[in-house]
Amino acid sequence: MGLLSDRDDARWMGAALALAERGRGRTAPNPNVGCVIVREGRVVGRGWTQPGGRPHAEAMALAEAGAESRSATLYVTLEPCAHRSERGPACADLIVEAGLARVIAAVEDPDPRTAGGGFEQLRDAGIAVSKGVRESEALRSFAGFIARRRYGRPHGTLKIALSLDGRIALCDGSSRWITGEPARAHAHLERSRHEAILVGRGTWEADAPKLDVRLEGLEDRSPQRVVLTSSPFVSSEVEKRSGAEQSLLDCARSERGWTAIGSPDQIATLPADHLLVEGGAETAAAFLRADLIDRLLLYRAPILIGAGKSAIGDIGLADLAAAHGWWEMVDARQLGSDRLEVYERRR
């Protein structure tokens, strides 16, 4: 019977994890949490953190469940908050008031304002509490929230579309299109899951990229656009477009709605918990040298380019042995004729 219960807990937590993904890239500074309430084998309430961080997932699920919450089990990807806020009630208070019998959580809240206090409050009210169910998946789900608190910066994902021989463009810079439509659609889905997206100045000037989300129904989830530049002034080509010499920051803000930063470590100032870096090669190298990339998305097309532009510039590697042990593959899948490989930084 215990084994059956464990399997059921993992199953329902899987539903909560799926709901949490709906809010990814939209809830900062709060984590994207998912929640389901189950009574007698039936879901009576569902919730996920809403844009801007409120309402919380538990509050949304409890509002949907209503009176059916009594004696039910609540599955949530993060410990219910115990601290009170001007923006809304503490979730632990709401759960106690609703009369739930059990709370199953994936992860204890790293926020020091709660940090186990939510579990303690629930136990004091006679509610059975368990934690650690599908913990690794939950940590991956709100990696941005964790990175912001652990490292003081967004969680960084580097996306590269490349050929089998590691090229991202022809010698003249032509890169449309290395990958096919399924891979490009997946890349747009990834954009929708990040609050900010960044390219280097060379890409900004040469390609005038939109960096928006062009998937039906997700157009409103385009991330904030950021350009990395070490120079405060625009090139002559951009001056032609803008009609006057002005700083890159002024041009970016006034004409195209961009934010400009001068070095990779300035990403800490961005109001984002998830940052997607899309290139080019020198920008990718700069972020890798600074160890600000936590996740790699490699879209490999079954083509050979030969002479062309490399995917990544110099990352300062002097010893081949030092290249090993940094990355772990966590996912791989076929997207049409292309292959996606996902790696996470070992820390």
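T49 sits in the loop between strand 2 (42-48) and helix 2 (57-65). Helices (H or I, at least four residues) and strands (E, at least two) are DSSP runs, numbered from the N terminus. This is a predicted model: local features need pLDDT of at least 70, side-chain atom pairs count only at pLDDT 80 or more, and totals for chains, interfaces and linings use all residues. Residues are numbered from 1 along each chain as its sequence is written, and side-chain values use heavy atoms, with hydrogens and water left out.

T49 is buried, at a relative accessible area of 3%. Buried means under 20% relative accessible area, exposed over 50%, and partly exposed in between (1.4 Å probe, protein chains only). The side chain of T49 reaches the backbone nitrogen of V33 at 3.0 Å. A polar atom of that side chain also lies 3.2 Å from the backbone oxygen of P31. Setting aside neighbours within four places in sequence, T49 contacts G23, T27, P31, N32, V33, P55, H56 and A57. Contact means heavy atoms within 4.5 Å.

UniProt, in an unreviewed entry, places the feature "active site" at E58. UniProt positions are given in the numbering used here, feature names are shortened, and annotations may be inferred rather than shown by experiment. E58 belongs to helix 2. E58 is buried, with a relative accessible area of 3%. Not counting residues up to four places away in sequence, E58 touches C35, L74, V76, L78, E79, P80, C81, C91 and I95.

## K131 and E108

K131 lies in strand 5 (residues 128-131). Its contacts, leaving aside neighbours within four places in sequence, are A105, A106, E108 and F119. K131 and L78 are 53 residues apart in sequence and 9.0 Å apart in space, C-alpha to C-alpha.

The side chains of K131 and E108 form a salt bridge (2.8 Å, N to O). The pair links distant parts of the chain: E108 is in the loop between strand 4 (102-107) and helix 4 (117-124), 23 residues from K131. A salt bridge is a side-chain nitrogen of Lys or Arg within 4 Å of a carboxyl oxygen of Asp or Glu. K131 is partly exposed at 48% relative accessibility, and E108 is partly exposed at 31%.

## Other salt bridges

The count comes to 21 salt bridges. In one of them, R193 pairs with E190, the closest N and O atoms being 3.1 Å apart. Both R193 and E190 are buried.

R347 forms a salt bridge with D294, with the closest N and O atoms 3.0 Å apart. R347 lies in the segment after strand 15 (338-345) and D294 in the loop between helix 11 and strand 12 (295-300), so the pair ties together parts 53 residues apart in sequence. R347 is partly exposed at 48%; D294 is buried at 7%. Salt bridges that share partners join R153, D291, D294, R345 and R347 into one network.

## Helix 11

Helix 11 (residues 281-289) is mostly covered, with 7 of its 9 residues buried. The buried residues are A281, T283, A284, A285, A286, F287 and L288. D291 follows helix 11 and has a positive phi, near 55°.

## L320

L320 is in the loop between strand 13 (309-310) and strand 14 (327-335). L320 counts as exposed, at 65% relative accessibility.

Notes
A polar contact is a pair of N or O atoms within 3.5 Å; within protein, one must be able to donate a hydrogen and the other to accept it, and residues adjacent in sequence count only if both atoms are side-chain atoms.
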